[in-house]
Amino acid sequence: MKFESRLLTTVAAALLSAGLASQASAQTIKIGVNEPLTGPFAASGTYVVNGAKIAADEINSKGGLLGKKVELVIEDNKSNSTEAAAVAEKLITADKVPVIMGAWGSSLTLAVMPKLLEYKVPMVVETSSSGKITTSGNPYIFRISPPSAVEAAAFKNILPKLHMKKVDFLVINNDWGRGAAEDFGKVLKGEGVGVGLVETMDQAAQDMSAQLSKIKATDSDTIMVTTAVEQLTLVLKQAASLGIKKKIVTTGGSQNPDQLIDQAGAAASGTYHLAFFTPWYPDQTPNPAAAKYFLDEWKKRGYPFAGTTESFRGYDGIRTIAVAIEKAGKADPEAITKALWQTELVGLNGKIKFQKQGPDGKESGQSMPNVYLIEIKDGKVILPKL
Amino acid sequence: MVEFLQHVINTFILGSTYALLGIGLTLIFGIMRVVNFAHGELYAFGAYCVYFVCVLLGLNFFLSLFVALLAGCVVGALIEVTLLRPMRNADIDTTMLIMIGAMIVMQNGEQYIWGGVAKSVNTPFPETPLVVGPFSVSWLRLFVFFAALVLIAASYFLINRTKLGKAMRATFQDRDTASLMGINIQAIYMWTFAIGSSLAAAAGALLGPVYVISPQMGNIASLKAFAIVILGGLGSIGGATIGGFLLAFAEEIGAGYISSGYRDAMGFLIIIAILLFKPTGLFARAERIG
């Protein structure tokens, strides 16, 4: 008897919570956000989430989507691939989100991808740049950030002005860093620039003196660095303290130049960075009105200006998803996947429209954003005249 | 050759802080038989002390180092009195679990208070490095090196030349006999844990401004501290010092000449090699059981 009554209570509770859950999902449209909020990529992931919140609030203040409010379900993947996959599974199965934005790092995104295939839920990739993501045949991937190959191709036009003869690479030891070294290496060799060492650093490493001492001793004139802002700060400081005078060019768009100026000081002066959004000059961005709205809103919320080169990704990502949901007419994974192919908008970094990439029949979507070269000079960010 | 010497300079600077970490842990491990998983969190705690005093309160950088040293001492004593003292006669596994718990609580506490985004501290040292011929080293790192040497010498003096140190060594050799000789074992344990914690906090306080300060910084520090202690042998200050420099050397040379991708693996390879031939570590003291 006792057992039965307990069973009944459990069943009743389960029914009730299921009922509540479906009621809640009927009132809002959920979008899953899978970002690193702790660990080595915490700064970048937090900025992306803050950008995403601005987009969600903007959409809700204009009446929401399909007559409902947008609700971001934000989860921390701890900068860890295993966590990223677990978080994706949780978002899909427990929160029942029809679409996800994530997962910042290439290794994190690659870890999530099998889950998308398994549950047939699309993901808009806002930051990751490893080529593999769109070429491995996952039709639920829609990427708005440039893969390293696109970044490297854009860099080709800038290259003659930088007068580089031989380059050493210092890259983060994961899919992002190794992919960048490979793609940029190809372009450089094609343009007759020598490629010397390819040194790696663990994503959690704090002391790169050994790698930099090795690079200091080579005959190259330039170091190309690929990593996120925290580690980049350390690389610049340590290169300066080793007295390295080589030109430093960074890739990947996660440098947060103002944070570098603030935290690396004089060590950042004279360094070049490939960026994907130029908040210092909103009038020169592809969508000045949106850029100004976004920057104003960012400032109003008291976030550091340095974060805008990263947070724009979250803003663009959520807006892309919103347009797709409007187009799909319902918050359903399959309909949104289809609608993403027809989605077209002007984001903060140019036109967002997905082209097919990868093996026939199971192509991933790739948008072709802009890439800019900026220079840090005496504590200011300038667009070098090239 | 120039490159090699630059690696050697790097080794000394990195090694001095590794040694500090190792000494703190080896004291606690050797004397108290407590596997202190929270050691890395005390390291992070020291770094956040500097951030709090130097950046948030805007006080002097050198003052913040002393604050970190003292705060580490106090927190260490508190952990000992509240968590370890009631478990004095429990076996090593129980205290290990308690310290794992303490580590998780401390790390999450740091994250809760300070957030996951790394902090950095500006120091009064000039940004332009000291350049001698083809070699260069930053003033901050040079300062860290000498400060670490002073702390290593101070702990050596404390253990080998003071009454407290003598009592600690006696307790390490034989707790029961030491107690019979009138040594207050409870006080010795508290001081040991406090001093060990204080050294970890000092290492964090010195290295925090060199790198960046984040809640996860303790993980890698813990790992290295254990490696150093295993390398040097339990309870040996000299062993931990040399172990610290050895680990730094292995990492530098490994990254410089073999492969930077395996930098952290190099140190552990050396440890495996040494343990194969000397299972008690390089400088293990003769132990008495019973």
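In strand 2 of chain A, A:Lys69 is the bridge partner of A:Thr28. The chain passes from strand 1 of chain A through helix 2 (residues 42-61) to strand 2, a β-α-β crossover that is right-handed (with the strands pointing away from the viewer, the path from the first strand over the helix to the second runs clockwise). Strand 1 (residues 28-35) and strand 2 (residues 69-76) of chain A run parallel and are joined by eight bridges. Helices (H or I, at least four residues) and strands (E, at least two) are DSSP runs numbered from the N terminus, and two strands pair if DSSP finds at least two bridges between them.

The model is predicted; local features need pLDDT of at least 70 and side-chain atom pairs count only at pLDDT 80 or more, whereas totals for chains, interfaces and linings use all residues. Residues are numbered from 1 along each chain as its sequence is written, and chains are lettered from A and ligands numbered from 1 in the order in which they are written.

In chain A, seven strands form an open sheet of mixed pairing, in the order 2-1-3-4-5-14-13. Strand 2 and strand 13 (355-357) are the edge strands, each pairing on one side only. Within this sheet, strand 4 (residues 123-125) and strand 5 (residues 141-143) of chain A pair in the parallel sense over three bridges, with A:Met123 opposite A:Ile141.

Helix 1 (residues 2-32) of chain B has 31 residues. This helix is followed by B:Arg33, whose phi is positive, near 60 degrees.

Note on methods
The expected span of a helix is 1.5 Å times one less than its number of residues.
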